[in-house]
Amino acid sequence: MGLFDFLKTKKNTASIAKERLRIIVAQERTSRGAPDYLPLLQRELLEVIRKYVSVDVDAVKVDLVKDGEHDVLDISVALPDGRPATA
Amino acid sequence: MAEIIVITSGKGGVGKTTSSASLANGLARRGKKVAVIDFDVGLRNLDLIMGCERRVVYDFVNVVQGEASLRQALIKDKRFENLYVLAASQTRDKDALTKEGVEKVLKDLADDGFEYILCDSPAGIEKGAFLAMYFADQAVVVVNPEVSSVRDSDRILGLLSSKTRKAEAGERVREHLLLTRYNPQRVEKGEMLSIADVEEVLGIKTLGVIPESNDVLDASNKGEPVILAGESTAGQAYDDAVARLLGEDRPMRFTQAEKKGFFGKLFGG
């Protein structure tokens, strides 16, 4: 730290690091222990749905949720506003 | 009963072997009978850090494969007579270790009166790392205050809570955070993750904080674990960690930036 250091504006990179870690760690913890086939299942579901409806890539969500003793496969599809596509 | 402690991290180069050597020496200095095992088959290094590299005749793989007895393979430390090293094999591949073989070695060490068995894990999350942690009662997760190290450690914490003998029995491995290469000056300037930041992200308690120090390289150059360098802040911080491992309550040291005098502030340094 020198006399003219205050002239330099330095970003607090530690807080950026912490925020990035908080997000990625939380995300990786939720997918931990989930079966390996989930990403593939998600992709194939998306392909099938797209045959009938025009949806975004992130419209299909596949999660494994614990419900007491059971594992529940939770699939949600967000349909676009307006009329469904005619195929 | 022997206490089995894995020293692990996921990421390489964060200080697992340095920490294993220092913790083992610290425990031995307090009179405990200690064995420290190098699980990094093919890339043995604990022997160098412990300064016993020229005395390796038989190794861990030889014992697991039944080619040598445990007694033949254990290398007695030259400083503490209650400290022994089991070196990794330098020539075999990592598949040479088996779960049953490792279990037998650990059991034989416990039967032989060892109180602490430290398992120095290889980097990564493959077989060697898995075997190093599988039988552990406690885990020391070595972390640098840096994003990739913290993320990888979280991955390791996930494995500790699912892929260990304790986890399979519905119990928990006791997890400790060991922060190494900590630079209080940089933390104060907001350039480095703080102890609280890392604790918060990982959700585990700190066993020790080892300040970044030139003494660590000096120590490994000499083959004399840094904990034995009495004047060294890193050495003293390791000794604090050992004391906490044994249940002592010690305040953290060397975690605040040293206050600079007026001239220091003026001219930097």
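Patches are made of residues with over 30% relative accessible area and no salt bridge, like charges being joined within 9 Å and nonpolar side chains (Val, Leu, Ile, Met, Phe, Trp, Tyr) within 5 Å. This is a predicted model, in which local features need pLDDT of at least 70 and side-chain atom pairs count only at pLDDT 80 or more, while totals for chains, interfaces and linings use all residues. Residues are numbered from 1 along each chain as its sequence is written, chains are lettered from A and ligands numbered from 1 in the order in which they are written, and side-chain values use heavy atoms, with hydrogens and water left out.

The secondary structure of chain A comes to two helices and two strands, and along the sequence these follow the pattern α-α-β-β; helices (H or I, at least four residues) and strands (E, at least two) are DSSP runs, numbered from the N terminus. Of the 87 residues of this chain, 15% count as buried, where buried means under 20% relative accessible area, exposed over 50%, and partly exposed in between (1.4 Å probe, protein chains only). A:Val60, placed in strand 1 (residues 60-67) of chain A, is buried, with a relative accessible area of 1%.

On the surface of chain A, the residues A:Leu64, A:Leu73, A:Ile75, A:Val77 and A:Leu79 form a nonpolar patch with about 400 Å² of accessible area together, the areas coming from the Shrake-Rupley method with a 1.4 Å probe and, for residues, only the protein chains shown counting as cover. Strand 2 (residues 70-77) of chain A gives the most to this patch, with three residues. A:Leu73 is found in that strand and is partly exposed, at a relative accessible area of 37%.

Grid points are joined across faces, edges and corners, and a volume is the space filled by probe spheres set on the points. The second largest pocket has a volume of about 550 Å³, and of the 28 residues that line this pocket, the closest to its centre are B:Gly13, B:Val14, B:Gly15, B:Lys16 and B:Thr18. Helix 11 of chain B supplies the largest share of the lining, four residues. The largest cavity, with a volume of about 40 Å³, has a lining that includes B:Thr18, B:Ile49 and B:Val216, and helix 11 of chain B gives the most to that lining, with three residues.

Over all chains the structure holds 24 salt bridges, each a side-chain nitrogen of Lys or Arg within 4 Å of a carboxyl oxygen of Asp or Glu. One of them pairs B:Glu200 with A:Lys18, the closest N and O atoms being 2.9 Å apart; because B:Glu200 lies in helix 10 (residues 195-202) of chain B and A:Lys18 in helix 1 (residues 13-31) of chain A, the pair joins two chains. B:Glu200 is partly exposed, at 45%, whereas A:Lys18 is buried, at 16%.

Within chain B, B:Arg30 forms a salt bridge with B:Asp239, the closest N and O atoms being 3.2 Å apart, and the pair links distant parts of the chain, 209 residues apart.

How values were computed: 1 Å grid on protein atoms, 1.4 Å probe; cavity = no way out; pocket = protein on both sides within 12 Å on 5 of 7 lines; lining within 4 Å.
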